[in-house]
Structures are given as C-alpha cells and as structure tokens.
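Colleague: Could you take a close look at one part of this model for me, the aromatic side chains and what sits around them? I'd like it in plain words.

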Amino acid sequence: MLTALPNSHRLARSRVATHNNSSGAGSAAVAEAAPEQQVVPLYSGQRAVVVGAGPAGSTAAMFLARQGFSVDVFERRPEPKQDAVDTGRAYIIILIPRGQAALKELGVPLPSQREFITKGTVRHDRKGKVGISREEGNVTFSRSSLAQYLIDQARQRYPSQITFHFDSACAGVNIEQRQVSFSAAGGGQVQRSYDLLVGADGAGSEVRRALQQHYPDMQVTIDDSGREYKVYGGVRGDIEPEEFKKDPGATLHLWSSDDPWTTVTAHSNPDGTYSGTFSLKTGGFADLRTAADYEALLRKKFVGVPDDWVPAIAQQAAAATPSPAGKRVRCSRLDGPGVLLLGDAAHAVTPVFGQGANSALESCKVLGSVLAEAGGDASRVPQLFTSARLADMHALNELDAKAYSFFRRRGLLDPDFLQLLSHVLLGTILSKLVPFLYGPKPALLKLGSTTPYSTIIAAVKRDSLMAAVGFAALGVWLSFKLAAKVMVGA
C-alpha cells in the first residue's frame, strides 16, 4: 500500500565502483561540483574532533572546516579502500534529495553517469507478478564507496584543515577537561583537546556512552530491526522490464515471499552484474547449514528469482556470516558541554524507509546552519544543535517503529498499521479532492523530499485522527438511521 516501503530494502549490497580515484580527483562518473556556498570562517584557531569517518563523520568534518575549524577525524576501522571487511559489508545507499542537499551545499559533486542514477524498483511478488515504481533522480553508492568518496573529498577540499586517523578507536572522553583519547594503530594512546567534539561513531557510540555517564538522566533506547541478512554478488541475467531496458539506469529488484521477514534483493551494478541480499528474521540462518539448505529454501519461498542464480546465492550465503539489518536509536538529548551527536550515534534507524544515511547527512547540514547561528562561539553549538534537530529525530524514530507493523502483519488490529493505512488512504483521497488545501500526496510519501520528519509524523497523526472521527461519526449516523427505522416499524 505504501509506495515508500520499497526503500526499506536499500540494504542490497553491491560492488559499485568507487566514484573517485585514490588521489581524490573525480572520475568521469562524477558530475562537476556545484558552487559551494561562500561563508566567512567564524571558528579560525579552534579545534574540532570528529569520532567516526563514515559518511556522516566526513561530511560533518567538511562543514566544520568550512567554518574555520581545524579538524581531526578518528576512525576505529582501516580506511575503506584498504578494509576488505568494510568492502564486503558495503550495502547500497540511495541518496535522495534529503541527503543530497548537504553535499550540494558543500559543493561536493554527485555521479552523473546513468548507471549510478536510479530508475526505480521492480517488485516480484510471491505469485510471480511484477510491479514497477519509478524513483528517478536518486543516486546510488555502496556504503564503502560513499565513505571513501567523502573522505577523499574532505582531503581534497580542506587539505590543511582536516586530518584523518584510521585504526584509532575511541578509548574515552573527559567531558570536563574536553579531552578525548584514542588507541593508536601502533600501540599506546593519543589524546586530543577540543573546542567541539562530534560523535559520529555509529549505533554503539563511545561518545554517546560518555554523555550518558555525564548525564545520568539521559535516556537512550536501542531497538533491533529483528532481521538479519547475507550478501551475494557477481551474478548476471536479463531481468530488467522493458520500461527500464529502453532507458537504462540503476535498478533495485525485490522478491517477496509468504513471510514478510524473508526477502531477496538485487541491485544492478555499473559492470552489468547484480549484487544483493538474502534476508531472514533474526535467528533464521541458524537452521541453514549447507548450500543445499539455502537452495531448498530459496526455491520454496521465491518465484521469479533466475534459476541459475539460486545455486550461486545459496553457495555464497552458506559461506557468509549473517549481519544485523540495522538498529533504532533514540536519545533524549544530542548534546553535552562541547559535545554533540549525529548520525547513527544519535538517531540510527532501520532500513525500512531508506532514511539512515540521508537523515545523517541532513543532520550535517543542520550542523552547518547551527555553526553560523552560533557566530563563532563553539560552546553554543551543541545545545543549538539539539534544539534544531531533536524533534525531527524523534519523529523519524517513531515513523521507523510504526513501519514494522507491516512485518508484524496483525492488520487492523495493529494500531500502528491502522494509523499509517488511514493516513495514506485519507490523504490520497484529499489530495485528489482538495489538492490546493491538502497538497499533492500524503506526507508519508514525501520521505524522499526535504520535508521535516516532524511535519510528516504530525500529518500522519492528524489524518489518522480525522479518519477515526469520520468513521465514528458515520457509525453514530448509521445508528440513528437504524434506530429511526426500528421506531417507525414499531
């Protein structure tokens, strides 16, 4: 029912080529950089430390450097291009306008070749029926290639201001003294003092843990998606519908089964191969021990997966270790003295709506605005960031949690499912009848835009309440009509 739901399967991994070479110069796949918005550096002479060199960490570092900070970025893992494990877990990230906006503001170019530009999603249901939804204009990266690309862009754009340190795990944060320690790659520890510390170190954030120790009343909830996945790659086949053959681009295929937790995805790669995921409910892989077990399950559960793909997927899955399909993190605050959290450390979500990386990059853009608002006073930045971002991040968390009603499949007995369904149904009707008042479509279907998450959840609640009131009023009217007939008959 929800056309936004196919984004839930953006977990599909890929061998997408990195969009730049190791020197940081753009390749032919990258468009010319957009003009960067000119800013007057407000924080010259001040030092920022960013923990985490994922897409959020590197993007935050560029916003900080643009405002004059000297920035050290520490990452516990090796650099992505040197990390076989990171490359192996390189799931696909689809950058929608929400995430693209931050990079455009920085002047960071996006891929322009059509094999990196999404054309849409192809759904294969359990009866073999094929459905297509177009999603043109979004840009695909593998997670590792996006991380490496942004690292290279940061180095290229701010060579004297941003320094990366890999194989350096956060070993502790002294909030009172504004110092952070890291385990050095060669042994021992290094310390950095900071004017501003940014925790972009993922769902298991050490910076967040330090904030929790500093604020005993800080509330953090972490929920698991309840799904695991394994990856496969290097398969080929003629699986594109005619609509996409005429105008090639990046496509995502989703095969569903009789079990909402059990899916197969495939994402087209620039080299003509397909990579993807095989997902089960957490614990489901424990019962599958051999390639034959996987092959039997794939043939039993799915219709339309190419026959010659099944042995390849089965063999690769049997040899792989399952990975958890995301967590949901909610924090009661995103700041402390000289410290702020963003990305998965602050507001991780599951892949259900494809908002994880996009919300993280949007948070970096908000940080850029907050830096300007603080006017060079780094001590004001963390609290201003919480004020600007917390409501939207709580709204995203709530939307993500509600979406799992589609996996629970309790139907109208599930309040979350009923709320989302009534919002989409009523919103669709109102968008047709009174588009000048309501808008062109229900707010939930605007997740791909830059519409604030708090605006979206407010619209979901408003419309579901309107629908409930409408049904209640209809029930009362029918009751009166029935009562009147009974009275006349008497």
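Modeller: Here is a walk through the aromatic rings, with a stop at one helix.

A word on the ground rules: this is a predicted model, where local features need pLDDT of at least 70, side-chain atom pairs count only at pLDDT 80 or more, and totals for chains, interfaces and linings use all residues. Residues are numbered from 1 along each chain as its sequence is written, and side-chain values use heavy atoms, with hydrogens and water left out.

Let's start with the rings. Rings of Phe, Tyr and Trp (its six-membered ring) pair if their centres lie within 6.5 Å; planes under 30 degrees apart are called stacked, over 60 edge-to-face, and the rest tilted. By that rule there are 15 aromatic pairs. One of them is F164 with F166: the centres are 5.9 Å apart and the planes at 5 degrees, so this pair is stacked. Both of these Phe residues, F164 and F166, are buried (under 20% relative accessible area, with exposed meaning over 50% and partly exposed in between, using a 1.4 Å probe and protein chains only).

Then there's W261 with Y404, a tilted pair at 6.3 Å centre to centre and 40 degrees between the planes. This pair links distant parts of the chain, 143 residues apart: W261 is in the loop between β14 and β15, Y404 in the loop between α11 (381-403) and α12 (405-408). Helices (H or I, at least four residues) and strands (E, at least two) are DSSP runs, numbered from the N terminus. W261 is buried at 13% relative accessible area, and Y404 is buried too, at 7%.

Some rings gather in a group: Y232, W255, Y274 and W309 make one aromatic cluster. W309 takes us to helix α8 (residues 309-318), whose buried residues are W309, V310, I313, A314 and A317. Looking down the axis of α8, they fall within an arc of 125 degrees (taken from the directions from the helix axis to the C-beta atoms), so they line one face of the helix. Their cover includes β13 (227-235), β14 (250-256), β15 (263-268), β16 (274-281) and α7 (291-301), with contact meaning heavy atoms within 4.5 Å.

Finally, two rings have a charge over them, which requires NZ of Lys or CZ of Arg within 6 Å of the ring centre and within 35 degrees of the ring normal. R98 lies over the face of Y453, 4.0 Å from the ring centre. R333 has its charged end over the ring of Y215, at 3.8 Å from the centre.
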